[in-house]
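Biologist: Could you take me through how the two chains meet, and then through one residue of interest?

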Amino acid sequence: MMAVVFDVLLCALILVVALAAVSGRALFPAVVFFIVYGLLVAIAWVRLDAVDVALAEAAIGAGLTGILLVGATARLRRMEVPEAETGTSAARIATGIGCAMFAAMIGLGLLSLEPRGTGLAPVVAENLAGAGVANPVTAVLLNFRAYDTLLESIVLLVALVGVWSLAEDRHWGGHPGLRQHARTDGVLAAFGRILPPVGLMIGVYIVWTGSKQPGGAFQGGTVLAAVWLLVVMAGLVEAPRSDGRLLRIGLVAGPAIFLAVGFAGALGGTFLGLPAAHAGNLILLIETALALSIVLTLGLLVAGPPQRKAGTEDGA
Amino acid sequence: MIELLATRAALFGLCGAALIGIGIYGFVAHAHLLRRLVAFNVIGSGIFLLFGATGLRRVAFGADPVPQALIITGIVVAFSATALAVAMITRLAMLSGEARLPEERPGGAPGGER
Amino acid sequence: MGPLSGQGTIWLALLIAAPLAAALLSVVSGRYARPVALASIALMLSLSGILVTLVAQGPLRIAVGGWSAPLGIALAADGLSAGFVAVTAVVMGIVMLSALPQFAPRGDGETGESRAGYAFWPLAFFLWAALNAIFLSGDLFNLYVALELLTLAAIGLVAIEGKAETIAAALRYALFALFGSLAYLLGAVFLYAAYGTLDMALLAEIAEADGATIAAGALMTAGLAAKTALFPFHAWLPPAHSGAPAPASAILSGLVPKASFYIAVRLWFDVLPGAAGEIMPVVLGALGTLAIVYGSLLAMRQERLKLIVAYSTVAQIGYLFLIFPLAGGSADPQPWAAGAWTGAMFHAFSHAAAKASMFLSAGLFLHAVGHDRIDGLKGIARHMPMTAFAFALASVTLMGLPPSGGFTAKYLLLTASFAGGQEIWSAAMILGGLMAALYLFRPLGRAFSRAGEGAARPAPVSRLLQLAPLALACLSILIGIASAGPYDFLQIGRPVSAEEGLE
Amino acid sequence: MILDAVTILLTGAGIVFFVAGTAGLLRFPDTHSRLHALTKADNLGLGLIVLGLIFQANALSLAVKLVLIWGLAVLAAATISQLIARAALPDEIKRLMRGERR
């Protein structure tokens, strides 16, 4: 009973915060509400026994997306971009009614749905022994449906090429335009010195533990990327030039090794086939390389397009 | 236990459906592109929540990890799209001083053909 | 569906892995764009040829990772997949070759890169990989990931000029496309909730024509229609396709909308053949008709060549959706359905080649004259006869005149509409052909007219570059002349829903 | 049983501090006084909750993780509140000067 009450309250809170994020007048509060919303949804995932998803939602859905949106809001504010809204209140009410009806239809459809078959839980359980990892979610991500995950790691890279190509021609190959606020003796710098050893340990732990319990390359990679971004913001290290050869190799290392392992399997008769005897080690290899590429890609996606050439202070 | 999980699945599934509606409202009601992006992410997480809840509906056969894995993939894909969109919005604002599409500006020409 | 065999594993794997590898290489360095592009284009053309010969002996199906569906993801290739893979290879190959000088790695930095010259290559190769991944996929969620890959790469190409208008066009495209992805995903979620699998072949066996299934299919179709720019979701297309550099436009207009259309066809003809009902096909056909009329009307009113060509895409996409009322619409297989189905595919293929050719021609005209207003094209045929001829050939296909691929397509669709007693759709097609003649005559008439007094002399354009649109235009004609082979090839592995052909 | 009681007592006290901190966030007039309420009350509240939960931990590693979470949260809160306070300073001064003029 207590559990149901908690769930009802959680759902109500999620809906209220989502409404606040979507319908408020000003941009900045909307973004803040969105971050809170993401964290609440992460709790909902824990309630649904999906701790892996909860980690991903908190780290990527709320955390990194939140940083992106806050950063963009700050930049737009500095450029004094108008926030005024168009549209009459009558139009808004009509839209609201339409959306409510659509949501009601989806909800009714969900409730009336008769699930057929057993779902994939029994099949996953049956084949888990040959998957090389004990965590079923990781087994799906890196073995049963590894092809999806390969394409997913490529999607991140495509987004980064797209972001980079938004640079000005003269800044091509330069550093992304993260502003370094902090004085070297300030609190942020101090935090940036204390955090890396701990953050590194936590991030690596989350990647490594993904084979047995909730965690994995994407979740751990996000933690490491966040640590990296913080250290950059603290002014302790500089965000790398986008034309650095080592950086570029690091960016493609994960997908490339993933692809190589998959193609080696194809030579043996099965595309992306991992022999059961070596599956555990191969997955560890793929996850490690993937985590490295994910850290770099996520960090650079948040950092944005190159905005200044090497040795200059500020571009735009 | 299974009954409790079924109730919970229905509850969070409905919550997901409502979030989809809220997100679509935000997507339609705002012209500011960052607001639309926030709404896009709300719709996305509503769909994921719905997906995760339906994963519990066959819980008698065990917890289904496949929706969870697909949702993690979906979260990463949505983030990629958001990152690209944020970069485009900032660049558009830098070039035109607006974070709206030309046809959404008060008095702007529709269709975007000039 | 097809036989479950590991045969062809390596070739199916390579068709996806090779463009990905090329893209990863071009992410690492922009300096080797030329050798990487030349080698990969040659490789991809041979791989597509191998796929066609393999599929000619029967459809292929492999289980990725050795995990058969429903646990794993299947890759499948039948006549339709192989046809799209092959057309993609030819169009991408020619367009990327013609893009080499424009996106050469020149730049003055120590890495020898320039911004657009760097970004074009990985985006194009990622897009190629995404197209092949879509045409070969047998899993609805895998299609979602591949579709997002395609969309993000396409958005990047739309924005590559870096001007305010093109970034606005890319953002408008992103809004439509991302919303479309979400609708598609929601539909797929419902199908998984109902049936516990995302594998298309398995779903085809167990799916029923109940309300939830039809609603899921409708959601997915709406999302795909937004991505295909079907009227009334077309507003993003003209500014996006006309604002990009010519090679990017050629890919975006010729190939990208076909991928989401392809998924819609797979969905209704392969996965849910019995669920379409009476209304949905008519709605899609009506929207297609409106697209033909509206797109053609707007194409007539444009003053810039690239906009005419882009609005023409809006119209031509309309024909594709006539497949639903003409070849579907009834649970029982109709004798004329195979003709209509194949006709729509012929249209997709010949439009891919013709539209890519037109955008490349438009790019060359723009280079020669300095702008693309059609008034500036007066007498251009004298300076660039090859390109003007290519543009005329491609126009023949779009108008649907014999002996082009467009003619074969319309012939098949028209015959089906008469045979099935659905003459109303034939009116739309005939009207569309007339309107295409009208809007294409405006630039053509100017190009082949005599130059006015005091017209500026156009800048010279290399012969080699002029070959690219000509080759593509010839391809679009060739599809019509040699239509018997492709017709039979497309029938390989066809679903039962339209097994009996006209022949 | 006794452990459960200790947990309930400590987490209950923690929640009281959180509620107080949130009330301060909502009721206090300006950024600095809000921060004052938040940082003090919430750090203490979180500490009490973590302490309460440690009594439920059945492995040392779990207890260590809980303490680590508390440490990181306190550290982050301290840093962030410093930054917020500094960022809010110009506005605050402006407001005070306006107030004096009136």
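The questions below turn to the interface and then to a single side chain.

Modeller: This is a predicted model, in which local features need pLDDT of at least 70 and side-chain atom pairs count only at pLDDT 80 or more, while totals for chains, interfaces and linings use all residues. Residues are numbered from 1 along each chain as its sequence is written, chains are lettered from A in the order in which they are written, and side-chain values use heavy atoms, leaving out hydrogens and water.

Biologist: What area is buried between chain B and chain A?

Modeller: The size of an interface is often given as the accessible area lost when the parts come together. Here buried area is the accessible area (1.4 Å probe) that two parts lose on being put together, summed over both. Carbon and sulfur atoms give 77% of the area buried between chain B and chain A, which is about 7,100 Å².

Biologist: Which residue of chain A forms a salt bridge with Arg8(B)?

Modeller: A salt bridge is a side-chain nitrogen of Lys or Arg within 4 Å of a carboxyl oxygen of Asp or Glu. The count between chain B and chain A is two salt bridges. In that of Arg8(B), the closest N and O atoms are 2.8 Å apart, and the partner is Asp7(A).

Biologist: Is Glu287(A) buried or exposed?

Modeller: Buried means under 20% relative accessible area and exposed over 50%, with partly exposed in between (1.4 Å probe, protein chains only). Because its relative accessibility is 5%, Glu287(A) counts as buried.
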